Structures are given as C-alpha cells and as structure tokens.
Protein chains: 2
Amino acid sequence: MNSQTSKSIDSLYEREKKKINTQLQNLFKNREPRSLYAPASYILKNGGKRIRPMLVLFSAKSVGGSFKNVKHTALAVELLHSFSLVHDDIMDNADKRRNLLTLHKKYDLNTAILAGDSILSIAYQELLKDFNNNTKTSIEIFTKALIEICEGQSYDKDFETNKKVSIKDYKLMIQKKTAALTEMCCHLGAVLGGGSQKEIQSLKLFGRYIGFAFQIRDDLLDITADEKKFGKVMGGDLMEGKKTFLLLKALELARGNDKKLLLKLIKDNGTSNKNVLTYKEIYLRLGILELTVKEIKKYTSKALNKLNCLKGNEKEKLIWLAGYLLNRNN
Amino acid sequence: MNSQTSKSIDSLYEREKKKINTQLQNLFKNREPRSLYAPASYILKNGGKRIRPMLVLFSAKSVGGSFKNVKHTALAVELLHSFSLVHDDIMDNADKRRNLLTLHKKYDLNTAILAGDSILSIAYQELLKDFNNNTKTSIEIFTKALIEICEGQSYDKDFETNKKVSIKDYKLMIQKKTAALTEMCCHLGAVLGGGSQKEIQSLKLFGRYIGFAFQIRDDLLDITADEKKFGKVMGGDLMEGKKTFLLLKALELARGNDKKLLLKLIKDNGTSNKNVLTYKEIYLRLGILELTVKEIKKYTSKALNKLNCLKGNEKEKLIWLAGYLLNRNN
C-alpha cells in the first residue's frame, strides 16, 4: 500500500471514529434513569480504538455497500464489546482499563452488572435500526456471537483453576472470547453490505483470523509493551498466572529448572512482581517471543489471503485496519 | 366461569407447564462448557409457575393463533425473566428463591453474572426460531421490554437510598420492572398469533395491568402469606425497608407516632425482625391491607375489561390465568 493511500485511510478512520464516539454518547444522553445511563455513558467514553465498528463499516464497503447500510450495526457491535468488558472486568476484579477506573470501581458492583445488561439491551435496539430484508440474519449472527462470547469467558474462567490447559484449549477459548466478535463484525458488514455468499464467507474468516492474531498479540504485549501506553501493568498476566499463548508454549518447550519454575507459577496461580523478569528470561531462552510473533503472522496472512476474492480497491481499508490492529503498542 | 371449564384449563396449564420445563432443560443439556450451562440449567429447575410463557401461549390462542406459533417465544420470555432474577438476586444479596439457593450462593458471583448473560443470549436464540414475517417486530417488542426491565431495576435500586419515594415513582418502577414483562408476553402472543391491531393493543394492556396487580399482590404477600409456601421470610420487605405499595401508602396516611415509626424505618433502611408486628399493626390500623386489595382489584378489573373485545371462548384461559396469578399464596 502506498503512503498516500495509507494516509487517506488513516484520516478516514479518525473521522469515522469521532462520529462513532459522538453517536455512542448520544445513545445514552436523554435516557432515564441517569443512575443507569450515566455509568453506561461513562464506560463508552473510555477512548477505545473502535476497531470493531470499523470492521463492520469497512467490510460493508468492501463488498459494494455503504457506511450508511451499517451505521447502527457499527454501534451495536461496540456496545456488545463494551457490555462484555464491563462484566469481564468484574469477574477479573480489574481496577482499571485504559487508565480509567473500571465501572464497578468507579461506581459499585450492582451498578456495573446492571449497566452491562443495559448496554447489551441498547445494542439490540441499535441492531434493529439497520432494517432491510436481512434483519433476521443480522440478529442471528449477533446472537450467535453473544452466546460464544459468554462461552469463551466461561472457558477463560475455568482456565484460572485448570492446571492442564493445552494450546488447543487455549485456541478454542480465544476463538469464542475474541475471534467470535471480530468474525461477527465482518460477517455483519458483508451481509448488510450486500456481499455474495463467497464474499460473506471470506470476510467472516478474515474477521476470525484477525481476532486470533489480535488476541495472541495482546498476550505478547503483556511482556513487550510500554506500560504507560498499554495502560496495564507489565507482566500482569504472569503475576496472575494467566494461561496465555506465551506461557502455554513455554510449558510445552521448557525442560529442567525452567519447566519447574513454570509449573510453580501454574501451581501458585501466578507470581510476584519481582519474579516477572525471571520468567521473561525463560521466554527469551526458549525463543517464545519469536514463536509468538510467528503465530501472529500466520493468522495475519491467513486473514489477508481471505481478502483476495474481493474485487476493487475497497479491501485496502481492511488491509490497513489489519496492520493498524496488529502493529499497535497501545 | 363454570367449574368444568376451570378444571379443564387447570389440567391444560399443568400439561403445558410440564412441557415448558422439559424444553427449558433440553435447551441447556448438550451445550459446552458445562461450567456455564450447568448453572443455567440449575436455575431453570427452580419450579417457577411459568406464568409468563403461559401468557404468551394463551394470548396467541385468544386471537386465533396456535401454541405452535409461539412455542419458542414462550421459552424466550421465561429465559428473559430468569436472566433478570439471577442478576437481581445478586444485587439484592438474596440467599434463596423458592426455597432454593440463588445462583451466586449455590456457585459464586462470577458464575452467576455470566450464567445470567448466557441465559439472555439463549433467549434471543429461541425468539428467532418462531420465524414468520413478524420476526423484526417480535425482537423489537422483546428488546423494548429488556431495556425497561433494566431501567426498572435501576429505579428499584435507587429507591433503596431515596427517602422520598412517592406512589407515582413506585408505579413507574413496577411498570418497568414487572409490568413491562407481562405486557411483552401478551403483546408477543397477540402479534405472533396473528391478532388484529385492536386485539394486539388490548392484550398488551391486559398484560400491563396484570403485571401491576401481580406486583402489588407480591408486596401484600410479604405481610399476609404463609412463610413456608411463599419461600420468603415474612415481613422481609419491612426488615429491608423496601418501598412497597403498603409502606408508601402507610406513609401517606399515617399521622403522629405511627408516622414517626414509619419514617424511622425509612431512615434506618429497615427494621429488625421483632418490630415487624408493630408495623403490621400500623398497617392494620390505617386499613392498608384493604386499600392494597382494592388497588389489586382495580388493576385486575382494568385488565379483564381489556379482554372484552376478544371473540370466542379462548379468552377464558386468560381470565383463568389472571385468577390463578392473583389468588396465589405461594
């Protein structure tokens, strides 16, 4: 992609993101009671990258549709994502997200549960607004993803106490927890944009593979990212004993004392801050970072290959988005 | 209604309830992970009366439709109800419902949040199965009720700390928290059963008024019901300082020492078990129980009046159901 194209997509992205943020705020502005909708509004001001709405918009466009066809659907997917973050943050007992207090910390547990529910209810309301003959299909796609997100989160919860998680288990978990959502975004965009069966199928898989790459990249960032930019504690996953791709891969490959230390981290459900460097050194010794990058690249190219069947230049937006998503360090 | 008719509806109700219970269990039987779906299945075994599915079935029938038209919708409304109970029980810190441990007590908080979410996701999936040209309408009706239920719960939460709740505030709260759901059931039944605009409008209001009557009756049962049958502690609402119809009406009418005691209960956010009788005596002195019964009757007859426009005998099922619902002491 030449730099001119990239620059123009960049500014398109910023423009659309701004619009989406305004529309999300407008959704909650005049509703009562404020005790419900002010917290919902707070959490949607969190400065997210709005990748998922953009996947919807760009997918629709790539099959010959327009942004207008999926205007509300784009908001619905961000609301679904936001609902799941609010409830996940409760379950993970997370204090902050993107340097802002999580909803249950800013308000309280009950408010966060209910605001999450409510954000989901508004998501369905938005989804219904992009009315055409595909409404039933779009609600089906959306609901299937919602079901999978709950299942994925349940697997993820199970992993906290399961000492024998395999890479295969991990992949099933992230397929449901992360990839189901990005798959849904592209699927909805393709359907509502009027894509052919082949285009729909390809975009669906593009979304799925991008989701895999994105989640594994997220695991990697725990070790490599700039703490301030990422808005999370460096090595936080290790401290919590989270079964990330890196940890599971390391467990597969380690021998001797390294293996012992890794098993201890699993047994203790995490480790203290001061040991993070020790584990990072094990990763380096085993070449885990390179293997993880390789895995991310594998899914990224599987994703990009799926775009080959699309005609015209509009797919460049999706290529750009994949790059944006996977080169982020924030 | 003659006793023959009543008896035959009674056995129809029992038969359909049994079917609904089996279908609800089947919904969760073969899904994975069990860590998610076993808790969902547990809470749907709680022996509820399945009033809401029955409102859907009987409403469809009363406008010339069949049970088959709304088979899945009947399950969807029970799932929506169940989702809201699971999350409400967390917020109310309730240990038991219908003499069974609530989900967050039987399992834990995180499981209950996620199982609630998941039950809602399956509700939408079921709703989509009664496919006809009205699918968009039925999802709209369902989503509107979901939004209102969240709003109603938020008002209810606000009431816990609000010392100046009026009867008007109370009515808005129960309209959203309780009546929106019964209204939705009848509305869905009428639409999917193929009712005329007039029939749909009438059944909608029948459902709403029944909901009002039902909630006020629920408030009354806190004082008058048999503890074992009702499955809740007698006077529990007083002990929690809950702003019920009875308490708010008593506050309106009381003077002197009675008023002082009532205001003290409001200020203290409840009272101890040993004072319940004192407050019951105030209610008796002020004629609150009679006034409450009068209010229930008012809404019941408003509801029943709405059935006048329906032709044929099928409306007798709804009349029977209203009676069943409002004469319950369990």
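**View 1. Helix 1 of chain A crosses helix 16 of chain A at roughly 80°.** The axes of helix 1 (residues 3-29) and helix 16 (residues 315-327) come within 10 Å. Axes are lines fitted to C-alpha atoms, for helices over the stretch in contact, with angles from 0 to 180 degrees between N-to-C directions. Helices are DSSP runs (H or I, at least four residues), numbered from the N terminus. The two helices are therefore roughly perpendicular (65 to 115 degrees). Helix 1 contributes T5(A), S6(A) and I9(A) to the contact, and helix 16 contributes E316(A), K317(A) and W320(A). Contact means C-beta atoms, placed from the backbone, within 7 Å. These residues divide into 2 nonpolar, 2 polar and 2 charged. Ala, Val, Leu, Ile, Met, Phe, Trp, Tyr, Cys and Pro count as nonpolar, Asp, Glu, Lys and Arg as charged, and the others, Gly among them, as polar.

The model is predicted: local features need pLDDT of at least 70 and side-chain atom pairs pLDDT 80 or more, while totals for chains, interfaces and linings use all residues. Residues are numbered from 1 along each chain as its sequence is written, and chains are lettered from A and ligands numbered from 1 in the order written.

**View 2. Chain A meets chain B through 31 residues from each chain.** On chain A, helix 2 (34-43), helix 4 (71-91), helix 6 (109-127) and helix 7 (135-161) each give two or more residues. Helix 7 supplies the largest share, 14 residues. The chain A side has 15 nonpolar, 10 polar and 6 charged residues.

View 3. The same surface serves both copies, with 100% of the chain A contact residues recurring in chain B.

Conventions. Parallel < 35°, antiparallel > 145°, perpendicular 65-115°, else oblique. Contact = placed C-beta atoms within 7 Å.
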